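Please open the model in a viewer and keep the selection panel at hand. The stops below proceed from the whole chain to single elements.

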Amino acid sequence: IGLDRILGCVKRCHERGVSTYAAKAVMEYLDDKATLARAVVEMAAVADAGLVFCSAAHNLSGDGPLIFVAHKELRRVEQFVNAPPFERLVAASAKAVLILQDDLA
């Protein structure tokens with residue numbers, strides 16, 4: 001999902017003395033299990049849904065006759081919303097449950 005890699009980079013930065021203040025703040029923030037679980041789920045939601053909305057906004061920002069582009073992009077967003085392929089979000093939710101497993105028992 002990506003947060004593990006980010007956290008690994010943050011820990012290496014802290015160990016090497018690079019951006020120590022920021023690295024320490026991120027490590028302390030994500031040290032809380034509930035915060036870590038929420039961050040995992042939020043990152044997955046952005047990764048799954050963000051591309052569709054971001055590309056639609058980009059394609060709608062042109063100078064040409066947008067009526068044709070708008071119809072196509074809004075149709076694509078509508079199809080996405082009606083049948084979302086949220087694979088990352090499903091995996092992240094399962095990971096969040098594992099992170100919080102001890103607290104949920």
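Along the principal axes, the C-alpha atoms fill a box of roughly 55 × 40 × 15 Å. This is a predicted model, in which local features need pLDDT of at least 70 and side-chain atom pairs count only at pLDDT 80 or more, while totals for chains, interfaces and linings use all residues. Residues are numbered from 1 along each chain as its sequence is written, and side-chain values use heavy atoms, with hydrogens and water left out.

Next, colour by secondary structure. The chain has five helices and zero strands; helices (H or I, at least four residues) and strands (E, at least two) are DSSP runs, numbered from the N terminus. Of the 105 residues, 22% count as buried (under 20% relative accessible area, with exposed over 50% and partly exposed in between; 1.4 Å probe, protein chains only).

Now select Leu3, Leu7, Leu30, Leu36, Ala37, Ala39, Val40, Ala44, Ala92, Ala96 and Ile99. These eleven residues form the largest nonpolar core, a core being a set of buried Ala, Val, Leu, Ile, Met, Phe, Trp, Tyr and Cys residues joined through side-chain atoms within 4.5 Å. Helices H1 (3-16), H3 (33-59) and H5 each give two or more residues to this core, and H3 gives the most, with five. Centre on Ala39: leaving aside residues up to four places away in sequence, Ala39 touches Leu3 and Leu30 (contact means heavy atoms within 4.5 Å). A second, separate core of five residues includes Ala49, Val52, Ala56 and Phe80.

Move to helix H4, residues 66-82. Which residues of H4 are buried? They are Ala70, Glu73, Val77 and Phe80. They lie on the same side of H4 because they cover an arc of only 95° around the axis, judged by the directions from the helix axis to the C-beta atoms. The cover over these buried residues includes H3.

Finally, select Leu98 in helix H5 (residues 87-104). Is Leu98 buried or exposed? Leu98 counts as exposed because its relative accessibility is 59%. A C-alpha to C-alpha distance of 8.8 Å separates Leu98 from Ala37, 61 residues apart in sequence.

Definitions and conventions:
Expected span 1.5 Å × (residues − 1).
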